[in-house]
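Please look over the sequence and the model shown here before reading on.

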Amino acid sequence: MHELSITEHLLEDCINSARGQNVSRIRTIRLCIGQLRGIVPECIQVYLDMLSKGTIAEGARIEAEFPPVKVRCRDCGMEGEITPRRLECPHCGSLRLELLSGKEFYIKSMEVDIDGDQSTASDHGLE
């Protein structure tokens, strides 16, 4: 259910970013979602469909990418990728890990119509 609150903020941020740039429609919102965030893009899409009615984001699609979880081992000092199902150093098996990435959440880009022309606006951050 936390996706409802996230989607409310996401929609507000997208509309605010589009404001003043002659955006007539937001077609696609591309998200970067860390694998440890526990955010389900399909739920965001359902809430976006509901919340965006009557706005420039009505009908917008959510696309998501899930970058790998990266850690640094506090025992061997090596960096590597892990999965949420196997939370140990891939080099020595230690559980003493420093998280380098995996909890991010931001708008990577939006595909929009500007005065009827389609374009992409990139790198809108949302933490």
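**Glutamine 45 and its surroundings**

Apart from neighbours within four places in sequence, glutamine 45 is in contact (heavy atoms within 4.5 Å) with Ala60, Arg61 and Ile62. This is a predicted model, in which local features need pLDDT of at least 70 and side-chain atom pairs count only at pLDDT 80 or more, while totals for chains, interfaces and linings use all residues. Residues are numbered from 1 along each chain as its sequence is written, and side-chain values use heavy atoms, with hydrogens and water left out.

**Helix α2**

- Glutamine 45 lies in helix α2, residues 41-51, where helices (H or I, at least four residues) and strands (E, at least two) are DSSP runs numbered from the N terminus.
- Glutamine 45 counts as buried because its relative accessibility is 18%, given that buried means under 20% relative accessible area, exposed over 50% and partly exposed in between (1.4 Å probe, protein chains only).
- The side chain of glutamine 45 reaches the backbone nitrogen of isoleucine 62 at 2.6 Å.
- The buried residues of α2 are Pro41, Ile44, Gln45, Tyr47 and Leu48, and what covers them includes α1 (2-18), β1 (23-33), β2 (61-65) and β6 (105-114).

**Salt bridges**

- The structure holds nine salt bridges, a salt bridge being a side-chain nitrogen of Lys or Arg within 4 Å of a carboxyl oxygen of Asp or Glu.
- Arginine 30 forms one with glutamate 111, with the closest N and O atoms 3.0 Å apart; this pair links distant parts of the chain, since arginine 30 is in strand β1 and glutamate 111 in strand β6, 81 residues apart.
- Arginine 30 counts as partly exposed at 22% relative accessibility, whereas glutamate 111 is buried, with a relative accessible area of 16%.
- Glutamate 65 and lysine 108 meet through their side chains in a salt bridge (2.9 Å, N to O); glutamate 65 lies in strand β2 and lysine 108 in strand β6, so the pair ties together parts that are 43 residues apart in sequence.
- The side chains of glutamate 88 and arginine 86 also meet in a salt bridge, at 2.8 Å from N to O.
- Salt bridges that share partners join Arg30, Arg61, Glu63 and Glu111 into one network.

- Lysine 70 stands opposite glutamate 81 in β4, and the hairpin has five residues between its strands, with glycine 77 taking a positive phi near 80°.
- Strand β4 (residues 79-82) has a covered face, Gly80 and Ile82, and an uncovered one, Glu79 and Glu81.

Technical notes: Pairing = 2+ DSSP bridges. Polar contact = N/O pair within 3.5 Å; in protein donor to acceptor, adjacent residues only side chain to side chain.
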